[in-house]
Amino acid sequence: MLQALIGPVGSLLGTWLEGKVETKKAETVAKVATAKAEATIMEKKATGEIDWNLEMAKGSQNSWKDEWLTILFSVPLVLAFCGDWGRQVVTDGFVALETMPEFYRYTLGVIVAASFGVRSATKFFGNKK
């Protein structure tokens, strides 16, 4: 009698254990698939960033905008060494910029960041309050 009871209980226990093993296998397969998908996305993102940088470099080969911005940003530096009148011009200019609308200042920052290929700077300008 005991033998007749142990057989079905053992079979039931074996089935339950097999189910647990299959569940764990399925969870592992799902985790591996998720990790592979995330790695693929990261790889594509990195490739896209490289492609973007190459395109920006090609586009700026015959452009004067970088030089223009460098000269423009050098003017306050040079004026600062031109005595009181130069420092006053620089001070008045920066005071005037402070009164500009916020969107205008951010736009200037984005233009400079885009021109020099500094995409991370656009994040800084976008989060500054």
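Figure 1. Helices (H or I, at least four residues) and strands (E, at least two) are DSSP runs that are numbered from the N terminus. The model is predicted, with local features requiring pLDDT of at least 70 and side-chain atom pairs counting only at pLDDT 80 or more, while totals for chains, interfaces and linings use all residues. Residues are numbered from 1 along each chain as its sequence is written, and side-chain values use heavy atoms, leaving out hydrogens and water.
With a relative accessible area of 46%, phenylalanine 94 is partly exposed; this class lies between buried (under 20% relative accessible area) and exposed (over 50%), using a 1.4 Å probe and protein chains only. Together with Leu97, Met100, Phe103, Tyr104, Leu108 and Ile111, Phe94 forms a nonpolar surface patch of about 650 Å² accessible area. Two elements each give two or more residues to this patch, namely helix H3 (83-98) and helix H4 (102-115). The greatest contribution comes from H4, which supplies four residues. Patches are made of residues with over 30% relative accessible area and no salt bridge; nonpolar side chains (Val, Leu, Ile, Met, Phe, Trp, Tyr) are joined within 5 Å, and like charges within 9 Å. Accessible areas come from the Shrake-Rupley method with a 1.4 Å probe, and for residues only the protein chains shown count as cover.

Figure 2. Helix H4 consists of 14 residues, and the span from its first C-alpha to its last is 20 Å, close to the 20 Å expected at 1.5 Å a residue. The expected span is 1.5 Å times one less than the number of residues in the helix. The buried residues of H4 include Gly109, Ala113 and Ser115.
Helix H2 (residues 65-79) has 15 residues; its first and last C-alpha atoms are 22 Å apart, close to the 21 Å expected at 1.5 Å a residue. Asp66, Leu69 and Leu79 are buried in H2. H3 and H4 are among the parts that cover the buried residues of H2.

**Figure 3. Salt bridges between side chains.** Side chains of opposite charge can pair when their charged atoms come close. A salt bridge requires a side-chain nitrogen of Lys or Arg within 4 Å of a carboxyl oxygen of Asp or Glu. By this rule there are four salt bridges, and three of them are described here one by one.
Lysine 25 and glutamate 22 are joined by a salt bridge with an N to O distance of 3.8 Å. Lysine 25 and glutamate 22 are three residues apart in helix H1 (residues 2-59), so about one helical turn separates them. Lysine 25 is partly exposed at a relative accessible area of 48%, and glutamate 22 is partly exposed at 47%.
In helix H3, arginine 87 and aspartate 84 are likewise three residues apart, about one turn of the helix. The closest N and O atoms of their salt bridge are 3.0 Å apart. Arginine 87 is partly exposed, with 39% relative accessibility, whereas aspartate 84 is exposed, with 61%.
Glutamate 98 and arginine 105 also form a salt bridge, with 3.5 Å from N to O. Glutamate 98 counts as exposed at 58% relative accessibility, and arginine 105 as partly exposed at 27%.

**Figure 4. The whole chain and the confidence of the prediction.** Of its 129 residues, 7% are buried. Among contacts (heavy atoms within 4.5 Å) with a separation of 6 or more, 38% join residues 24 or more positions apart.
The average pLDDT, which is the predictor's confidence in each residue from 0 to 100, is 78 for the chain, and 70% of the residues score at least 70. Among the elements, H3 has the highest mean pLDDT (92) and helix H5 (residues 119-127) the lowest (56). Where pLDDT is low, the predicted coordinates should not be read in detail.
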